[in-house]
Amino acid sequence: MALHTLFYGVPSGCSFGSIVALEWLGRPYQLCRIAMPEDVTTADYRRINPVAETPTLMTETGARISESMAILNHLGARGVGTGLSFAQGTEDFDRLNQMLAYLNTTFFGAFSPLWYALEHAELPESEKQALRNLGARKVVSAHANLEALLGDTPWLLGDHRTLADAYFIGIARWTRYHEVLDRRDYPKLQGLFERLEADVGVRFAHAIEKGETPQGSGAFQGHIRVAEALRRLPA
């Protein structure tokens with residue numbers, strides 16, 4: 001039986017949040033591990049995602065959905081009633097979509113200059129330092145704004161976790177690579193980060209990235225290879 005298959009990037013791809021979301025939803029799914037940059041730029045993977053990026057979600061019919069926000073909204077539509085997502089047209093859905101958009105643009109985008117400087121060793125040191133300085137300012141600003149948005153609730157949108165929290169943790173951990181701030185200066189975000197790091201679904205996603213074989217919620221049905229996924233593409 002065909003299942004949803006998530007193509008996730010390693011190391012430390014933003015697809016981490018989609019793995020967490022799948023675990024939280026608890027519906028059967030498969031994973032396909034994509035090494036970056038080696039596998040993600042191959043001709044075979046470009047048949048899955050022409051722009052050579054992760055994550056990509058393949059549905060049971062072979063349709064592909066790319067971009068984290070689109071994937072999380074697709075999964076969320078199957079999780080209405082769980083508290084992880086909400087019905088479109090409701091105020092709660094609008095709040096969730098707004099938070100996902102902030103995480104997908106401002107929060108994620110703040111790290112882009114830092115990643116570019118790290119991944120392009122051929123750049124002159126002066127250019128890399130300029131990118132690091134820009135990235136540091138953007139990451140600090142993004143954290144300060146998100147700290148203000150949190151209010152006094154334990155999760156991004158209130159008293160229970162949502163798919164926005166799953167996406168947040170996949171990006172927030174990037175400060176381990178880019179030491180441009182101390183998250184303890186943002187106590188609400190630090191508390192959120194610690195709660196999520198203790199979550200069983202988040203621990204599962206960490207283990208998956210490390211190449212381990214965690215048990216998880218029982219929804220995970222194993223890995224497949226790109227070649228196997230290609231056979232599910234519509235003719």
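Predicted model: local features only at pLDDT ≥ 70, side-chain atom pairs only at ≥ 80, totals over all residues.
Side chains of opposite charge can pair when their charged atoms come close. A search through the whole structure turns up 7 salt bridges, and several of them are picked up again below.

First, the overall build. The protein chain has 10 helices and 5 strands. Its radius of gyration is 18 Å, close to the 18 Å that the globule rule gives for 235 residues, so the chain is as compact as a globular protein of that length. Taken along the principal axes, the C-alpha atoms fill a box of roughly 50 × 45 × 35 Å. Of the 235 residues, 51% count as buried. The chain exposes about 11,300 Å², and carbon and sulfur atoms supply 51% of that area. As for how the chain meets itself, take the contacts between residues at least 6 apart in sequence: 70% of these join residues at least 24 apart.

Back to the charged pairs. Arg161 and Asp199 meet through their side chains in a salt bridge, with 2.6 Å from N to O. Arg161 belongs to the loop between helix H6 (125–150) and helix H7 (163–172), while Asp199 belongs to the loop between helix H8 (187–197) and helix H9 (200–209), so this pair ties together parts that are 38 residues apart in sequence.

Another salt bridge brings together the side chains of Arg173 and Glu209, at 2.8 Å from N to O. Here Arg173 lies in the loop between H7 and H8 and Glu209 in helix H9, so the pair links parts that are 36 residues apart in sequence. Arg173 is buried, with a relative accessible area of 4%. Glu209 counts as buried too, because its relative accessibility is 14% and the cut-off for buried is under 20%.

Asp182 and Arg184 also form a salt bridge, and their closest N and O atoms are 2.8 Å apart. Asp182 is partly exposed, with a relative accessible area of 30%. Arg184 reaches 63% relative accessibility and so counts as exposed, since the exposed class begins over 50%. Elsewhere, salt bridges link Glu125, Lys128 and Arg132 in a network.

Asp39 has its place in the loop between strand E2 (29–35) and helix H2 (43–48). Its relative accessibility of 34% makes Asp39 partly exposed. Leaving aside residues up to four places away in sequence, Asp39 touches Arg33, Ile34 and Tyr45. Ala121 is 82 residues from Asp39 along the chain, and the C-alpha atoms of these two residues are separated by 20 Å.

Methods:
Residues numbered from 1 in each chain as written. Heavy atoms only, no water. Helix = DSSP H or I, 4+ residues; strand = E, 2+ residues; numbered from the N terminus. Rg over C-alpha atoms; globule rule 2.2 N^0.38 Å. Buried < 20%, exposed > 50% of the residue type's maximum accessible area, 1.4 Å probe, protein only. Contact = heavy atoms within 4.5 Å. Areas by Shrake-Rupley, 256 points an atom, 1.4 Å probe, with all protein chains shown as cover. Salt bridge = Lys/Arg side-chain N within 4 Å of Asp/Glu carboxyl O.
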